[in-house]
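Please look at the sequence and the 3D structure below before reading the report. It is written for a reader who is new to protein structure.

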Amino acid sequence: MRLLLAVLMMVVLAPVASAAPATPTARCEFIPTPDNPAARPVQPPKSVVPARGTVKVTIVTNYGVVIANLDRANAPCGVENFAHLARSWFYTMSQCWRLTDTARLGVLQCGDIYRAEEGGPGYRFADEVTGEETYPRGTIAYGNQGPGTNGSEFFIVHSFANIKPLYTVMGHVIYGMDTLDRIVDAGIVPQPDGTLDGLPKKPVRILHVLAH
């Protein structure tokens with residue numbers, strides 16, 4: 001009897017294990033763009049997404065591999081969207097249509113299926129910016145055509161980008177900047193005024209993107 005009472009007291013008085021803290025989430029709105037339907041079959045991502053942690057992405061190109069860490073805390077909707085498009089094979093066998101190497105801007109722009117700024121996923125979503133963004137070498141961020149027009153287009157800074165803080169920063173390259181350097185060294189088709197802002201002289205192709 002005493003043993004039974006002792007066991008019961010141990011059960012009653014035992015500390016209750018605390019539940020693991022819930023992962024913070026963010027709510028995203030992916031708005032259909034019927035005037036610009038999806039260039040490839042893809043559904044919008046889920047609307048509630050993690051707002052903590054990182055996603056590692058491996059971008060395999062015909063010039064080499066680029067690996068980046070994407071920060072969910074900084075851009076939860078943008079990071080979820082990029083990972084979703086990668087896992088949906090949206091970026092597979094696509095082309096980077098714009099390369100710039102000017103005194104103001106040095107970026108490789110990718111993510112459009114048809115041509116520069118044409119061929120998105122059939123929806124758009126809001127910017128995730130604070131007004132304090134900077135874009136040093138290795139930054140990976142969303143391109144846009146105005147506020148709230150994010151979709152599939154993104155750019156990687158190969159030198160620097162002296163631009164206004166209007167572009168959602170997803171993360172930064174951790175391996176493969178030499179791949180970007182090779183792309184730049186291969187040259188750019190200049191504009192009529194000689195500005196180095198246009199198609200890469202040798203096509204830059206994304207063979208596949210892995211999100212893990």
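The report that follows takes up a helix, its aromatic contacts, a set of strands and a cavity.

## About the model

This is a predicted model, in which local features need pLDDT of at least 70 and side-chain atom pairs count only at pLDDT 80 or more, while totals for chains, interfaces and linings use all residues. Residues are numbered from 1 along each chain as its sequence is written, and side-chain values use heavy atoms, with hydrogens and water left out.

## Helix H2

Helices (H or I, at least four residues) and strands (E, at least two) are DSSP runs, numbered from the N terminus. Helix H2 has 12 residues, and the distance from its first C-alpha to its last is 16 Å, close to the 16 Å expected at 1.5 Å a residue; the expected span is 1.5 Å times one less than the number of residues.

Buried here means under 20% relative accessible area, with exposed over 50% and partly exposed in between, using a 1.4 Å probe and protein chains only. Of the 12 residues of H2, 11 are buried, so the helix is largely enclosed by the rest of the structure. Among these buried residues are Cys-77, Glu-80, Phe-82 and His-84. After H2 comes Trp-89, which has a positive phi, near 65°.

## Aromatic pairs

A pair of aromatic rings is described by the distance of the centres and the angle of the planes. Rings of Phe, Tyr and Trp (its six-membered ring) pair if their centres lie within 6.5 Å, and planes under 30 degrees apart count as stacked, over 60 as edge-to-face and the rest as tilted. The structure holds 10 aromatic pairs. One of them joins Phe-82 and Phe-154 in an edge-to-face arrangement, at 5.1 Å centre to centre and with 85° between the planes. Phe-82 lies in helix H2 (residues 76-87) and Phe-154 in strand S11 (residues 154-161), so this pair ties together parts that are 72 residues apart in sequence. Phe-82 counts as buried because its relative accessibility is 0%, and Phe-154 counts as buried because its relative accessibility is 0%.

Phe-154 also forms an edge-to-face pair with Tyr-91, at 5.5 Å centre to centre and with 80° between the planes. This pair links distant parts of the chain, 63 residues apart, with Tyr-91 in the loop between H2 and strand S6 (94-96) and Phe-154 in strand S11. Elsewhere, Phe-30, Tyr-123, Phe-125 and Tyr-142 form one aromatic cluster.

## Strands around S4

Two strands pair if DSSP finds at least two bridges between them. Strand S4 (residues 54-61) and strand S5 (residues 64-71) run antiparallel and are joined by eight bridges, and they form a hairpin with two residues between them. Within this pairing, Val-55 has Leu-70 of S5 as its bridge partner.

S4 also pairs with strand S14 (residues 204-211), in the antiparallel sense and over five bridges. Here Thr-61 stands opposite Ile-206 in S14.

## The cavity

On a 1 Å grid over the protein atoms alone, a cavity is a set of points where a 1.4 Å probe fits but cannot get out, and lining residues have an atom within 4 Å of a point. Grid points are joined across faces, edges and corners, and a volume is the space filled by probe spheres set on the points. The structure holds one cavity of 30 Å³ or more, and the largest cavity has a volume of about 70 Å³.

Residues that line the largest cavity include Thr-61, Phe-154 and Ile-206. The elements that give two or more residues to this lining are S4, strand S8 (105-110), S11 and helix H3 (177-185), and H3 gives the most, with three residues.

Key:
1 Å grid on protein atoms, 1.4 Å probe; cavity = no way out; pocket = protein on both sides within 12 Å on 5 of 7 lines; lining within 4 Å.
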